[in-house]
Amino acid sequence: MTDASPSSHRQVIIIGSGPAGLTAALYTARANLQPLVFEGLEPGGQLTTTTEVENFPGFPEGIQGPELIDRMREQAKRFGAECQFEVVTKTDFSSRPFKVWVEDSLYTADAVIIATGAAAKWLGIPGEHELVGHGVSSCATCDGFFFRDKTIAVVGGGDSAMEEATFLTRFASKVYLIHRRDSFRASKIMQQRALDNPKIEPLYNTHVVQVHGSKDTGVTGVTLQDATDQTTRDLDLQGFFVAIGHKPNTDVFNGQINLDPNGYALVEPGTVKTNISGVFACGDVQDTKYRQAITAAGSGCMAALETEKFLEALHDTTHAVTA
Ligand code: NAP
């Protein structure tokens with residue numbers, strides 16, 4: 001591994017480029033901190049796999065997810081943020097300056113903002129990936145509105161599946177709740193709320209093996225397989241929501257900051273502070289509850305303001321020592 005050259009030292013490095021990372025970039029750039037943003041494997045994050053975004057304030061006609069991200073990136077760059085399409089492969093936060101590697105290249109920073117997001121888990125069945133944004137979704141809050149008076153299905157047996165199915169009954173005429181086992185793992189209260197809803201029909205011991213439809217027609221149905229006797233049958237529907245959990249992108253921070261048992265970055269409640277002073281986490285990488293573009297952007301702003309405060313204090317301490 002090469003040593004960090006003086007040119008690869010930054011006041012702040014931001015890892016991740018979804019709404020959290022790019023908002024942190026905008027704010028730190030406007031504070032004259034010249035942030036370096038490593039955009040990661042999926043520049044722009046989950047918004048780039050979304051089509052129409054109708055719930056980001058300021059866009060009354062809606063905006064395509066990738067365009068929203070492009071505009072956020074442009075706004076941050078206008079004030080001096082540097083964005084690199086690189087993937088961080090290793091970090092060391094055991095001492096300052098913090099170390100961040102992209103393969104063999106070492107970068108150092110006085111502060112780090114982690115905004116690597118989380119990825120929705122998918123079933124990996126034929127038709128699913130192709131129809132994301134055309135009837136297949138992993139976010140009821142984002143896409144439920146498009147399914148007014150439609151028949152839809154939600155897959156999963158955890159709290160997310162219960163919550164999404166219940167939420168979707170506001171729009172859909174019928175919601176199948178499909179689970180691979182004979183009972184849900186969700187909390188009793190959320191199960192009960194879902195099962196008491198007359199629009200929800202649970203289908204237990206059922207696997208979904210294929211999603212049907214095209215980009216022109218949208219989703220038209222799914223093929224189900226009975227887990228006990230392996231028989232298959234088709235079910236007509238227009239929307240297919242996958243709610244089988246998320247995986248936070250924290251592999252490179254393992255052992256560097258405290259993570260919860262599911263791998264999410266742990267922050268002091270109500271803040272973006274990790275257990276390492278000067279390392280902040282914002283957006284979905286630390287959010288198991290809200291997971292919205294706007295909440296991610298808000299926490300990116302919080303991380304930037306905390307970074308400013310942290311760097312000011314660091315600067316004051318350094319000056320006091322050297323004076
Ligand atoms: P989760 O609890 O891990 O549940 C995932 C569900 O998806 C499980 O029922 C699992 O089935 C199923 N699943 C996983 N992989 C699958 C596959 N390949 N095919 C079919 N089914 C699959 O995830 P979550 O529901 O997203 O919840 C994550 C955490 O957030 C939990 O701690 C939850 O309590 C919390 N949460 C809380 C709230 C709330 O309180 N309002 C709302 C949402 C989430 P098996 O049961 O067979 O393993």
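This is a predicted model: local features need pLDDT of at least 70, side-chain atom pairs count only at pLDDT 80 or more; totals for chains, interfaces and linings use all residues.
Local features need pLDDT of at least 70, side-chain atom pairs count only at pLDDT 80 or more, and totals for chains, interfaces and linings use all residues. Residues are numbered from 1 along each chain as its sequence is written, and side-chain values use heavy atoms, with hydrogens and water left out.

Start with the helices. Helices (H or I, at least four residues) and strands (E, at least two) are DSSP runs, numbered from the N terminus. Two packed helices are described by the angle between their axes and the distance between the axes. Here the pair is α4, residues 159-168, and α5, residues 188-195. Their axes come within 9 Å and cross at roughly 30 degrees. Each axis is a line fitted to C-alpha atoms over the stretch in contact, and angles run from 0 to 180 degrees between N-to-C directions. That makes α4 roughly parallel to α5, a label for angles under 35 degrees. The crossing of α4 and α5 is left-handed: in such a crossing the near helix is turned anticlockwise from the far one by less than a right angle.

Which residues in α4 and α5 meet? From α4 come Asp159, Met162, Glu163 and Thr166. From α5 come Met190, Gln191, Arg193 and Ala194. Contact means heavy atoms within 4.5 Å. The residues of this contact divide into three nonpolar, two polar and three charged. Ala, Val, Leu, Ile, Met, Phe, Trp, Tyr, Cys and Pro count as nonpolar; Asp, Glu, Lys and Arg as charged; the others, Gly among them, as polar.

Now look at burial in α4. Ala161, Met162, Glu164, Ala165 and Leu168 are buried, with buried meaning under 20% relative accessible area, exposed over 50%, and partly exposed in between (1.4 Å probe, protein chains only). The cover over the buried residues of α4 includes α3 (140-143), β11 (151-155), β12 (174-178), α5, β13 (200-203) and β17 (239-242).

Turn to the cysteines. A disulfide is a pair of cysteine sulfur atoms within 2.5 Å, and by this rule the count is one. The bond joins Cys139 to Cys142, S to S 2.1 Å. With 75 degrees about the S-S bond, this link of Cys139 and Cys142 is right-handed. Cys139 is buried at 15% relative accessible area, while Cys142 is partly exposed at 27%.

Cys83 counts as buried, at 16% relative accessibility. Cys282 is in no disulfide either; its nearest cysteine sulfur, that of Cys301, is 9.9 Å away. Cys282 is buried, with a relative accessible area of 0%.

How values were computed:
Angles under 35 degrees count as roughly parallel, over 145 as roughly antiparallel, 65 to 115 as roughly perpendicular and the rest as oblique.
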